[in-house]
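Colleague: Before I use these labels, I would like to hear what each one rests on. Could you take me through them with the model on screen?

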Amino acid sequence: MRTQTRKVFEAVGEDGTVLRTGTMEWDKISPLTDGKYSDFYMYKNSGGYIAVGGGYRNPLGYASRKFASIFISSDGIAWESVDPGVEGILRSVVYDKGKYVVVGDNGVIITSEDGETWEKQNSGIESNLLD
């Protein structure tokens, strides 16, 4: 008897786009947001999904400001916004030894054990962190 394991792949990108495939065709899932966002970066583990990114705001015609965004999901379809507590676009997320680590613009490093509550770490630099 031969068994097959079904592989499911997800992709996230500009404007909060989420795609999923289990075959040769990709299905568009509900976007993470309806706002103007830059790229998102996603991580999946046994507890669910986390996507980090951000975008630009132009309040009342003033110069654009970068903002950070984090979204979490248990199934990769329904997403919930979580306040990261920082400004600037978030560029990467990893998970190791029970902790998420996210890096981003202006030396931002934030950590979380549950993906919902984030704690800012002091990187000591102002340069953008990408990975």
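This is a predicted model: local features need pLDDT of at least 70, side-chain atom pairs count only at pLDDT 80 or more; totals for chains, interfaces and linings use all residues.

Modeller: Residues are numbered from 1 along each chain as its sequence is written, and side-chain values use heavy atoms, with hydrogens and water left out.

Colleague: How many helices and strands does the protein chain have?

Modeller: The protein chain has zero helices and 11 strands. Along the sequence the pattern reads β-β-β-β-β-β-β-β-β-β-β.

Colleague: Why is N45 called buried?

Modeller: Buried means under 20% relative accessible area, exposed means over 50%, and partly exposed lies in between, with a 1.4 Å probe and protein chains only. N45 has 17% relative accessibility, so it counts as buried. It is found in strand β4, residues 41-45. Across the protein chain, buried residues make up 40% of the 131 residues.

Colleague: What is N45 in contact with, leaving aside its neighbours within four places in sequence?

Modeller: Y95 and Y100, where contact means heavy atoms within 4.5 Å. N45 and Y95 are 50 residues apart along the chain, and their C-alpha atoms are separated by 8.1 Å.

Colleague: What makes D105 and R91 a salt bridge?

Modeller: The term requires a side-chain nitrogen of Lys or Arg within 4 Å of a carboxyl oxygen of Asp or Glu. For D105 and R91 the N to O distance is 2.9 Å. The pair links distant parts of the chain, 14 residues apart, with D105 in the loop between β9 (99-104) and β10 (109-112) and R91 in strand β8 (residues 90-96). By this rule the count comes to one salt bridge.

Colleague: Why does D105 count as buried?

Modeller: Its relative accessibility is 0%, so D105 counts as buried.

Colleague: How do you know that β8 and β9 pair?

Modeller: Two strands pair if DSSP finds at least two bridges between them. β8 and β9 have six, in the antiparallel sense. D96, for one, has K99 in β9 as its bridge partner. The two strands form a hairpin with two residues between them.

Colleague: Why is N106 called partly exposed?

Modeller: Its relative accessibility is 42%, so N106 counts as partly exposed. N106 lies in the loop between β9 and β10 and has a positive phi of about 60°, although it is not a glycine.

Colleague: What makes β9 and β10 a pair?

Modeller: They share four bridges in the antiparallel sense. V102 stands opposite I110 in β10.

Colleague: In what order do the four strands of the open sheet stand?

Modeller: The order is β8-β9-β10-β11, with antiparallel pairing. β8 and β11 (119-121) stand at the edges with a single partner strand each, so one side of each is left without a neighbour in the sheet. The twist averages 25° from one strand to the next, with axes taken as lines fitted to C-alpha atoms, for helices over the stretch in contact, and angles running from 0 to 180 degrees between N-to-C directions.
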